[in-house]
Amino acid sequence: MTARPAHPRRELLRELLLALLPLLATVTLLGLITQPAYIALTNGGKGLSPYAYQGLVQDLLQYRVATLDPQVTPEERTERYQQALSSASNRKQYAYLNDLEASDEFRLSAVQHGLEQRTPQGLQRAINEAVALNNLVRDYSADQGAAYERAFVELRRALIGSAIFSGLLSLVLILRALLLWRADQVRAQRREDRQREALRLASHEMRRPLQALLLAADALRSARDEGMQQRLLTQIEDSAAQLASRADLTRLNDLYLDVTLRVQPTDLGELVRRFSSSRVHVTAPSPLVWPVDANRVRQMLENLVENAVKYTQGTVEVTLDAPGGAPRVQVRDHGPGISDELRGRVFLPYEGGPQSLGPGSGLGLPLVRRYAHAHGGDVMLNHAPGGGLLITLTFGQAVTQVAAPVPVRKLTPG
């Protein structure tokens, strides 16, 4: 499988935006949930100050005392009057005066009008109006203080809520980062496991052609007959071709894991007859042509025949036929067979046959099944009639394929 191309800049931008997400979310959340409290506080200005109203009442009372005290000189009395009149005529110093006058019948202008009459009755009305305004502003101040308190409580809740939200969001992002890190670790471990598995399978499959090459090379040293020399050279070049086919480091995944086949019409009878020997009796029609990957089929047959020879002392029978139109290879031995329990596990890696009969890595049969599935077939183990084990390898239509390989240059002339 081909991985999708990565976009480092896009991924970096995404991670930066995610890192800024708690900050952006917190600022936005604070702006939204503190807006009511902000409006309440800003509409209240710098806060209600009732001192101007109290000062007005005090100035009026001092002026009244001045009018009643015979010891007060006319100049002092006039000064008191001017001070009281100045307080009553300066509307700017009275906070929320318009709101207070709109909420009741008392007016600052009535205070000023009463003073300007310069009569005891007018002064009394001015004092009454000023006291009433002072009482109104005191009640209004209490209400405004309660509103401020509510605004601060809401603001406090908003700050706590935004802190909790920001903390939870940060926790989620941290957990996400940990999960991504863990996923990367798992993917890296899987890649390493696949690489190790491919190398183990390659080592397992190179063992046979390497042994054959070494044996042929050793025999070639002592061969005197020209015909024997040609046969040994042919065997050497065949083993070298098999080594090249099974040890291509650039295609280990295609060879052993994902299994990408190089399919071409092949005479299966010729492949099967290669395994004929004193202990292996082969029955195969010729020709029986089928689209397969010849190298992979040869590996399957090598594993099946090798297992049969290893676990029995008698003859091994290999039969090629096509009962339903599709080819089938059967390998039968006359050995001790295999238990039903072990038969269900031999296609798992590192599960071998009867361990007392010979050593083995347990990688051959799992690889055979993998190659068989890639060829649209399967491999099955059954008890043979009369004892022993019968292995059946079937073929179908190959599901993955690439162009056929370029033939390897021969060592022998012609």
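**Briefing on the predicted model**

pLDDT remains under 50 across residues 353-360, a stretch with 11 contacts beyond four places in sequence in the model. The structure is a predicted model, and the protein chain has an average pLDDT of 79, with 83% of the residues scoring at least 70. Residues 1-5 also have pLDDT below 50, and this stretch makes 1 contact in the model beyond near neighbours in sequence.

**Overall architecture**

- The protein chain contains 13 helices and 9 strands.
- Among the 414 residues of the protein chain, 35% are classed as buried.
- Of the contacts in the protein chain with a separation of 6 or more, 67% involve residues 24 or more positions apart.

**Strand 6 and its partners**

- Strand 6 spans residues 328-333 and is largely enclosed by the rest of the structure, because 5 of its 6 residues are buried.
- Strand 5 (residues 316-321) pairs with strand 6 in the antiparallel sense through 5 bridges.
- Within strand 6, V329 is the bridge partner of L320.
- The hairpin formed by strand 5 and strand 6 has 6 residues between the strands, and G325 in this hairpin adopts a positive phi near 100°.
- Strand 6 is also joined to strand 8 (residues 389-394) by 6 bridges, and these two strands run antiparallel.
- Within strand 8, T392 is the bridge partner of Q330.

How values were computed:
Residues numbered from 1 in each chain as written. Predicted model: local features only at pLDDT ≥ 70, side-chain atom pairs only at ≥ 80, totals over all residues. Heavy atoms only, no water. pLDDT = per-residue confidence, 0-100. Contact = heavy atoms within 4.5 Å. Helix = DSSP H or I, 4+ residues; strand = E, 2+ residues; numbered from the N terminus. Buried < 20%, exposed > 50% of the residue type's maximum accessible area, 1.4 Å probe, protein only. Pairing = 2+ DSSP bridges.
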